[in-house]
Amino acid sequence: MLLVVTYSQAARTTLRNICRTHEDAVVRRLGRAALFEETELAAFLALRLREKHDGDVQIEQTTPFNEFASVPASVREAAEAYEARASSSTPYSKFATGTDHPSAAEMRDREL
């Protein structure tokens, strides 16, 4: 997919118009940004937007997030267990204490 991010009012207006006119090329509209299908039309629209608004437009090629390939099982299991906790007001640091789940500090320092 292509992620298009706008940094000015004029660029946002053009992006909104593009999204309305070419709904079939848009995966999701996110206010100042949009995800486009990875097609030549979407590339054309993104490049046209950047040509018109220069530095006010950023285009990134993205890949879908695959949690099973990118995230260790311990992190997936910790997220699952934390969302199933008995009290929704328990912070993660307290929840993880005394368990096999990684601490927030440990996860903060590890790259995917």
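A: Happy to! Starting at the N terminus, the elements of the chain follow the order β-α-β-β-α-β-α-α-α-α. Helices (H or I, at least four residues) and strands (E, at least two) are DSSP runs, numbered from the N terminus.

Q: Where does the model come from, and how do you number things?
A: This is a predicted model, in which local features need pLDDT of at least 70, side-chain atom pairs count only at pLDDT 80 or more, and totals for chains, interfaces and linings use all residues. Residues are numbered from 1 along each chain as its sequence is written, and side-chain values use heavy atoms, with hydrogens and water left out.

Q: What's the mean pLDDT of the chain?
A: The mean is 94, and 100% of the residues reach 70 or more. pLDDT is the predictor's confidence in each residue, from 0 to 100.

Q: Where is confidence lowest, and where is it highest?
A: Helix α3 (residues 67-70) is lowest, at a mean of 88, while strand β3 (residues 33-36) is highest, at 98.

Q: How does the radius of gyration of the chain sit against a compact globule of 112 residues?
A: The chain has 20 Å, whereas a compact globule of that length would be near 13 Å. The radius is taken over C-alpha atoms, and the globule rule is 2.2 Å times the number of residues to the power 0.38. Along the principal axes, the C-alpha atoms fill a box of roughly 55 × 30 × 25 Å.

Q: And what share of the residues count as buried?
A: That's 29% of the 112 residues. Buried means under 20% relative accessible area, exposed over 50%, and partly exposed in between (1.4 Å probe, protein chains only).

Q: What about contacts in the chain between residues at least 6 apart in sequence?
A: Of those, 53% join residues at least 24 apart. Contact means heavy atoms within 4.5 Å.

Q: Let's zoom in on helix α2. Is Ala-46 buried or exposed?
A: Ala-46 lies in helix α2 and counts as buried because its relative accessibility is 1%. Not counting residues up to four places away in sequence, Ala-46 touches Val-4 and Ile-59.

Q: Changing topic: which loop holds Asp-54?
A: Asp-54 sits in the loop between α2 (40-53) and β4 (57-61). Its phi is near 50 degrees, a positive value in a residue other than glycine. Asp-54 counts as exposed because its relative accessibility is 60%.

Q: Last one: where is Ala-105?
A: Ala-105 is in helix α6 (residues 104-109). With a relative accessible area of 40%, Ala-105 is partly exposed. Ala-105 and Ala-73 are 32 residues apart along the chain, and their C-alpha atoms are separated by 17 Å.
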